[in-house]
Amino acid sequence: MRKSKAFWTGIIGVLIFVATTLLGGFLDSDYNHISQFISELYAVDAPRADFLRFFGYIPSGILFMLFSVFAIMETSKSLLRTVGFLGIGIGYGLGTIICGFFNCDAGCNPHFINPSLSQIIHNFIGFITYSICPVAIFLLAFAARKWRKGMYLSNMSFILALISFCFVGLLNANLHSPYKGLIQRVIEGCILLWIVCCSYYLLNNKRTS
C-alpha cells in the first residue's frame, strides 16, 4: 500500500499544482506566464488569490510532503536517500505550503519597496526552495543508482538537477528579466517532472535491501 500511496500523492500533487497555475492564468486575463512569477497568481491583489492558495498550492504542498515520506519507506536505506527525499519534502513540499500561507504583496513587489513581513517570508522561503531542490534531486540521482532498476531514474535525475541548477543561476542573475516567468517554470517543471518520474518508478519497483 505504501507504494501506491507514494505514486498517488506524487502524481495528484503535480496535477493540482499545474492545474492551479493554468487556472490562475485563465482567471486573470492580464497575467503573462512568460514574464510573471507563479507567486503573482496569488498575490494579495490577484483575483481568486485565496481560492488558488487554499484549494490549490497549499494542498499540493501537503501532497508533496506525503510523497517524500512514502518514498523514503519504499526505497533502499541510505543517507543520500533520506537527505534527498527530505530535501524534496521540506524544500518543495513545506516550502510550497509556507509560500501559500505567506503570499506576496501586490504585484509581488518586484523592487522590494517597504515589503510586508509576508513578502519577506515568501521571498526567503522561495530562495531556500530553489537552493535545496536541485541539490536534493542530485543526491537522489546517486542514491537511485543502487536501487532495483534505478539507472533510468538516476540518469533522469542527473539531467533534471543540472537543468534546474542552470536556470536557478539564470533566474538569480536577473530577477527582473522579461522572461523570468518562463525561467521559473523551467525550474518548477524540472522538479515536477522528477516527482512524476520517481512516482512511476516507485509504482513499478519494490524496495530492495
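Contact here means heavy atoms within 4.5 Å. By that rule, I191 touches Y92, C133 and I137, leaving aside residues up to four places away in sequence. The model is predicted: local features need pLDDT of at least 70, side-chain atom pairs count only at pLDDT 80 or more, and totals for chains, interfaces and linings use all residues. Residues are numbered from 1 along each chain as its sequence is written, and side-chain values use heavy atoms, with hydrogens and water left out.

**Overall fold**

- The protein chain has six helices and zero strands. Helices (H or I, at least four residues) and strands (E, at least two) are DSSP runs, numbered from the N terminus.
- From the N terminus on, the order of elements is α-α-α-α-α-α.
- The radius of gyration of the protein chain is 17 Å, which agrees with the value near 17 Å for a compact globule of 209 residues. This radius is taken over C-alpha atoms, and the globule rule is 2.2 Å times the number of residues to the power 0.38.
- Along the principal axes, the C-alpha atoms fill a box of roughly 55 × 35 × 30 Å.
- Among contacts with a separation of 6 or more, 71% join residues 24 or more positions apart.

**Surface and charge**

- Of the 209 residues, 49% count as buried. Buried means under 20% relative accessible area, exposed means over 50%, and partly exposed lies in between (1.4 Å probe, protein chains only).
- The accessible surface of the protein chain is about 10,200 Å², and 71% of it belongs to carbon and sulfur atoms. Areas come from the Shrake-Rupley method with a 1.4 Å probe; for residues, only the protein chains shown count as cover.
- The chain carries 15 positive and 8 negative side chains, with the centres of the two sets 26 Å apart. Lys and Arg count as positive, Asp and Glu as negative; His and the chain ends are not counted. Each charge is placed at NZ of Lys, CZ of Arg, CG of Asp or CD of Glu.

**Nonpolar core**

- The largest nonpolar core holds 46 residues; F67, F85, Y92, W147, L153, W194 and I195 have the most contacts inside it. Such a core is a set of buried Ala, Val, Leu, Ile, Met, Phe, Trp, Tyr and Cys residues joined through side-chain atoms within 4.5 Å.
- At least two residues of this core come from each of helix 1 (2-27), helix 2 (49-73), helix 3 (79-101), helix 4 (117-144), helix 5 (151-173) and helix 6 (180-204).
- Helix 6 supplies the largest share, 11 residues.
- Beyond its neighbours up to four places away in sequence, F85 touches F67, S68, A71, I72, T75, L140, W147, W194 and C198.

**I191 in helix 6**

- I191 sits in helix 6. I191 is buried because its relative accessible area is 0%.
- I191 and Y92 are 99 residues apart along the chain, yet their C-alpha atoms are separated by 8.5 Å.

- L27 belongs to helix 1. Its relative accessible area is 30%, so L27 is partly exposed.
- L27 touches P47 and R48, not counting residues up to four places away in sequence.
- L27 and M151 are 124 residues apart in sequence and 41 Å apart in space, C-alpha to C-alpha.
- R48 lies in the loop between helix 1 and helix 2. R48 counts as exposed, at 53% relative accessibility. R48 is not a glycine, but has a positive phi of about 60 degrees.
- N114 lies in the loop between helix 3 and helix 4. N114 counts as exposed, at 72% relative accessibility. N114 is also not a glycine, and has a positive phi of about 45 degrees.
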